[in-house]
Amino acid sequence: MKAFEYAAPGDLDDAIAMLSDAPGDSAVMAGGTDLVTSMKQGLVSPNRVVSLRNVKAINGIQEAGPDLRIGAATTLGELLGHSLVADLYPSITTAVKGIGSPQLMSVGTVGGDLLQAPRCWYYRNGMGLLADDAGAANFDGDSMAVEGDNRYHAIFDNKTAQFVSASSLAPALIALGANAVVRGPKKAEREIAVADLFRTPSSSDEREHVLKGNEVISHINIPASGAKNGTYEVRTRQGLDWPIVTASVAIASSGAKVVLGHVAPTPWVSDAAGKALGGKVDETSAAKAGEEAANGATPLSHNEYKVTLVKVAVKRAAMAAAAHG
Amino acid sequence: MPTDEKKPPGSGFSRRNFLKTIGAGAAATGLVREVADTAVVEAASDVQGPGEISITLNINGKSEKVSVEPRVTLLDALRNRLDHTGSKKVCDRGTCGACTILIDGQPAYSCSMLAVEAEGRKITTVEGLGTPEQLSALQESFIEHDAQQCGFCTPGFIVAGTALLNTNPNPTADDVNEALGGNLCRCGTYSGMVPAIMEAAKAMKGGA
């Protein structure tokens, strides 16, 4: 790991002022569970790490009127243990439980879950986010994620990038219409839909999210909607691992929203599936929503099975949502 | 520097002071490059490293001083600097759980936490749970149930199991499996560990 400067100021704006907008020059540390490993592996080599551990203002869960305001540095364990979250948003608690490791839940944060780097094994082994930088003498420059073992890779939006968004929370938060409060230099603040945090990089210069090096998520706001909601994760094991396919469904009086995770470089919203569910969820409409969600998938050489998993996950998430309170 | 003006005196620090402070020492190491090239506002009094800094860690109820670079993980500080070798280094990437410690009573991977981040928090390693002369109820129970084979992962499981028993005195088998979800045993002794933890729970209540 490259040596770096370290600071842990108590004020968010002080922390932001210590960050550089140049990509990769500095890094924000929340729980650090992903960042420390990424630094050890040389995937990121910041000159400075700015820790948010003393920034109390972005900790904890508040009821802001009927809405819920979650500090980005709130740990996943705190989120799991919050009774109001459990009552109103089983789709969130299911996703947190799925993380499967008490050690990660006690340290990892809400913001960190959203902004963790993809788990693509080619990326994690130093071949770049687009898996096209192997550095080997006989490497032809094509993406290993296309040519190699892509069983866990994207089945949607996978032309330029094949990794999948790693966040456990994003599908549930997006289905619930949550916003992220993004704070930048000079107290500049903007509130954007959680869905808009993510992007599919079109070149290796781009990241998988839209934040600049000196922007930080301070809060997540979940608007009260009264939506019934549920999440279903397809997993290989119950312990620590990332899901293969996630579906999160929120059913409000205004309509249903279906969001998939781990199937595209970003969380994947399926408007067609939401329409198919409408306001009335039963076995038939849930199965129809699954079919709609899987429409248009472009699986790679080793991951066609994920198309089937999408159908199952959407159906089960919809039924879980229907059964909610 | 407009930012300098905004800050009340003494509230931290100005870029000018930072440049003065780092002066000869850091100038040669290339740190000044970042300061000069970007609009980063410094707070020198708060920025430490990249060289060694002195920190105090509260380990098993005792304060211990150690000098580490900010990049040193808590696991490396414990094992290599402070001779607490109970926490094991196996995957070193937050996956296997052999390095599990308690931080303010909650289980955490010490390989994925910087030592500097643990300052001011209560660290408990497996050494703080029992001694060879006086094992904890859970350690006794692991022996009783033959809940280890090669034993290398055992300290992490003991700590993760202790974290569970501290918050849940009546765990079900499902509770135990959830609590151990962040630990791996390549020998596959889970079937011994689950009853070991459940029986230890009973023993701790005096019911064994």
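Is D104(B) buried, partly exposed or exposed? At 44% relative accessibility, D104(B) counts as partly exposed. Buried means under 20% relative accessible area, exposed means over 50%, and partly exposed lies in between (1.4 Å probe, protein chains only). The model is predicted: local features need pLDDT of at least 70, side-chain atom pairs count only at pLDDT 80 or more, and totals for chains, interfaces and linings use all residues. Residues are numbered from 1 along each chain as its sequence is written, chains are lettered from A and ligands numbered from 1 in the order in which they are written, and side-chain values use heavy atoms, without hydrogens and water.

The fold of chain A was examined as a whole. Its secondary structure comes to 13 helices and 12 strands. Helices (H or I, at least four residues) and strands (E, at least two) are DSSP runs, numbered from the N terminus. Chain A has a radius of gyration of 19 Å, close to the 20 Å of the globule rule for 325 residues, so it is as compact as a globular protein of that length. The radius is taken over C-alpha atoms, and the rule is 2.2 Å times the number of residues to the power 0.38. Along the principal axes, the C-alpha atoms of chain A fill a box of roughly 55 × 55 × 35 Å.

Of the 325 residues of chain A, 56% count as buried. Contact means heavy atoms within 4.5 Å. Among contacts in chain A between residues at least 6 apart in sequence, 63% join residues at least 24 apart. The accessible surface of chain A is about 12,400 Å², and 50% of that belongs to carbon and sulfur atoms. Accessible areas come from the Shrake-Rupley method with a 1.4 Å probe; for residues, only the protein chains shown count as cover.

One residue of chain A illustrates the packing. V314(A) sits in helix α13 (residues 305-323). V314(A) is buried, with a relative accessible area of 0%. Leaving aside residues up to four places away in sequence, V314(A) touches A247(A), V249(A), V258(A), L260(A), A286(A), A289(A), G290(A) and A293(A). L300(A) is 14 residues from V314(A) along the chain, and their C-alpha atoms are separated by 21 Å.

Backbone geometry was considered next. Most residues other than glycine have a negative phi, and most peptide bonds are trans. H262(A) has a positive phi, near 65°. This residue lies in the loop between β11 (255-261) and β12 (268-269) of chain A. H262(A) is buried, at a relative accessible area of 3%. D104(B) also has a positive phi, near 50°. The loop that holds D104(B) runs between β3 (100-103) and β4 (106-109) of chain B. A cis peptide bond joins G49(B) and P50(B), with omega about 5°. P50(B) lies in the loop between α3 (31-37) and β1 (53-59) of chain B.

The cysteines complete the account. The structure holds 0 disulfides over all chains. A disulfide is a pair of cysteine sulfur atoms within 2.5 Å. The sulfur of C120(A) is 19 Å from the closest cysteine sulfur, in C91(B), which is too far for a bond. C120(A) counts as buried, at 7% relative accessibility. C185(B) is in no disulfide either; its nearest cysteine sulfur, that of C153(B), is 3.8 Å away. C185(B) counts as buried, at 5% relative accessibility.
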